[in-house]
Amino acid sequence: EGADALTRTFLDHAMAQTGDSYVFGAEAPTGDADPGVFDCSELVQWSAGQIGIEMPDGSWLQYLELKEAGAVIPVEQAATTPGALLFSFDREPTAGGGRPGSAHVAISLGDGTTIEARGTRYGVGSWDTGDRFQYAAVIPGLGTTLVPVDAPDPAALVPAASLTAGPDTDRD
């Protein structure tokens, strides 16, 4: 199974940062075509920004936004889903609960490996997914289809592109 074009572009942007340095709290503006430093969530945020998808800064905030969008999937599925996000936390993030003591995010390449800004000793690179992650989600709009939990009927599939990550300001 290949990734769709948008997902492939997302992954290509992330992969192009291989070898860059890891700096906790690094900021990589979306308008910067080739930043030199990242932390884990910044790599996700910047790569998504390159394809016009806004993501929050902070792995736990990314997880919370995707959970709110109904985009959480099993870790095992994420390991084989190009572009899925894999999260590691010492406790599941909750709204208003602040940053977990340990928080990390990686991007699945769909073949059991990741692209991630792993830490100061590693920088940006690819590693085996292994058993390092406890949570996973997909970014709505990246060629995935979400199945509502209460609607297992395949006819009830909701295209991920129809989901919005922003608040429902008109309450419809």
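**Entry 1: the model.** I am working with a predicted model, where local features need pLDDT of at least 70, side-chain atom pairs count only at pLDDT 80 or more, and totals for chains, interfaces and linings use all residues. Residues are numbered from 1 along each chain as its sequence is written, and side-chain values use heavy atoms, without hydrogens and water.

Entry 2: I looked up the strand order and found an open sheet of five strands, 6-5-4-3-7, with antiparallel pairing. Strand 6 (123-128) and strand 7 (135-137) are the edges, each pairing on one side only. Neighbouring strands are turned by 30 degrees against each other on average, direction ignored. I noted the terms. Strands (E, at least two residues) and helices (H or I, at least four) are DSSP runs, numbered from the N terminus. Two strands pair if DSSP finds at least two bridges between them. Axes are lines fitted to C-alpha atoms, for helices over the stretch in contact, and angles run from 0 to 180 degrees between N-to-C directions.

**Entry 3: one pair.** I checked strand 3 (residues 85-89) against strand 4 (residues 103-108): they pair antiparallel over five bridges. Phe87 has Val105 of strand 4 as its bridge partner.

**Entry 4: a helix on the sheet.** Helix 3 (residues 59-68) packs on the sheet and touches strand 3, strand 4 and strand 7. Its direction makes about 120 degrees with that of strand 3.

**Entry 5: Ser59.** Is Ser59 buried or exposed? I found 3% relative accessibility, so Ser59 counts as buried (under 20% relative accessible area; exposed is over 50%, partly exposed in between; 1.4 Å probe, protein chains only). Ser59 lies in helix 3. Leaving aside neighbours within four places in sequence, its contacts (heavy atoms within 4.5 Å) include Cys40, Phe87 and Val105.
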